[in-house]
Amino acid sequence: MFLTIDDGAVKSPESVRLLAANDLPASLFLTKNTIRDKPGFFRAFMEQGSLVENHTISHNVNMTTQWGYQRQLEDIAGMQEFAVQEYGRTPTLFRPPGGAYSTAMRQAVAAAGLKAIVTWEAKANVGRMDYQYGNSLRPGDIVLMHFRADFSADFAAFRAAQLAAGLEVVLLEEFLGIQ
Ligand SMILES: [Zn+2]
């Protein structure tokens, strides 16, 4: 199974410590406007094997209906540039703000050089797990968390569910061969 952590609003040392203590790699879908005050914070995760991926500059959850192709491309390609500048690696994965995407967005994602759009099957939220299918984690599931004030409680819920399911956490990029 795969762990993904989004946005980057709350930058707590506890989140770095929890991933390191449990030796878990994650794909971090970060938003420029949320992390630009302290982008360096996320380098600690990269040193542990996690990767920074693309979650746009603006996090406009209505961009597929409000914006045309060109404006979406600017928001997505701009995050690519920011990630390369800050972290020295070109993101390969894209997660749409809010999860919804359209044909124009798919074209913009491809034009920006990204390899895949990633959604999720389960999420850790307000200290508990929410499943789109069934009531436990399954092999291949992608779990969504956020860098929020509830990080420790969300992480505890995720970790308990992962161990209960007997699943190993693998870096999604490594599994797909698009690091
Ligand atoms: Zn988000």
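Colleague: Which elements make the right-handed β-α-β unit here?
Modeller: Strand 1, helix 1 (residues 13-21) and strand 2 build that right-handed β-α-β unit. Right-handed means that, with the strands pointing away from the viewer, the path from the first strand over the helix to the second runs clockwise. Helices (H or I, at least four residues) and strands (E, at least two) are DSSP runs, numbered from the N terminus. This is a predicted model, where local features need pLDDT of at least 70, side-chain atom pairs count only at pLDDT 80 or more, and totals for chains, interfaces and linings use all residues. Residues are numbered from 1 along each chain as its sequence is written, and side-chain values use heavy atoms, with hydrogens and water left out.

Colleague: Thanks! Which strands run parallel to strand 1?
Modeller: Strand 8 (residues 142-146) is joined to strand 1 by 5 bridges, and strand 2 (residues 27-30) by 4 bridges. Two strands pair if DSSP finds at least two bridges between them. Ile-5 has Met-145 as its bridge partner in strand 8, and it stands opposite Leu-28 in strand 2.

Colleague: And how many residues of strand 1 are buried?
Modeller: For strand 1 (residues 2-7) that is 6 of the 6, so the strand is largely enclosed by the rest of the structure. Buried means under 20% relative accessible area, exposed over 50% and partly exposed in between (1.4 Å probe, protein chains only).

Colleague: Now the core. Which residues touch the most other members of the largest one?
Modeller: Leu-3, Ile-5, Leu-28, Leu-30, Phe-42, Met-129 and Phe-158 do, in a nonpolar core of 34 residues. Strand 1, helix 1, strand 2, helix 5 (69-87), strand 6 (122-125), strand 8 and helix 7 (151-165) each give this core at least two residues. Helix 7 provides the largest share of the core, 5 residues. A nonpolar core is a set of buried Ala, Val, Leu, Ile, Met, Phe, Trp, Tyr and Cys residues joined through side-chain atoms within 4.5 Å.

Colleague: What is Leu-3 in contact with, beyond its sequence neighbours?
Modeller: Leaving aside residues within four places in sequence, Leu-3 is in contact with Leu-19, Pro-25, Ala-26, Ser-27, Val-143, Met-145, Phe-158 and Val-169. Contact means heavy atoms within 4.5 Å.

Colleague: Where does Ser-50 sit, and is it buried or exposed?
Modeller: Ser-50 is in the loop between helix 3 and strand 3 (51-54), and counts as buried at 1% relative accessibility. Its C-alpha atom is 4.8 Å from that of Ala-26, 24 residues away along the chain. Outside four places in sequence, the contacts of Ser-50 include Leu-19, Leu-24 and Phe-45.

Colleague: Switching to aromatics, how many pairs does a search of the whole structure find?
Modeller: The search gives 9 aromatic pairs. In one of them, Phe-42 and Phe-147 have ring centres 5.2 Å apart and planes at 75 degrees, so the pair is edge-to-face. These two are 105 residues apart, Phe-42 in the loop between helix 2 and helix 3 (43-47) and Phe-147 in the loop between strand 8 and helix 7. Both Phe-42 and Phe-147 are buried. Rings of Phe, Tyr and Trp (its six-membered ring) pair if their centres lie within 6.5 Å; planes under 30 degrees apart count as stacked, over 60 as edge-to-face and the rest as tilted.

Colleague: Which residues do the ring pairs link into a cluster?
Modeller: Phe-41, Phe-42, Phe-45, Phe-147, Phe-151, Phe-155 and Phe-158.

Colleague: On to the metal. What are the protein donors of the zinc ion?
Modeller: Asp-7 (OD), His-55 (NE2) and His-59 (NE2), lying 2.1 Å from the zinc ion. Their sequence spacing is D-x47-H-x3-H. Donors are N, O and S atoms within 2.8 Å of the metal (3.2 Å for Na, K and Ca); water is not among the atoms, so sites may look incomplete.

Colleague: What about the phi of Thr-56?
Modeller: Thr-56 has a positive phi of about 70 degrees although it is not a glycine. Thr-56 is buried, with a relative accessible area of 0%.
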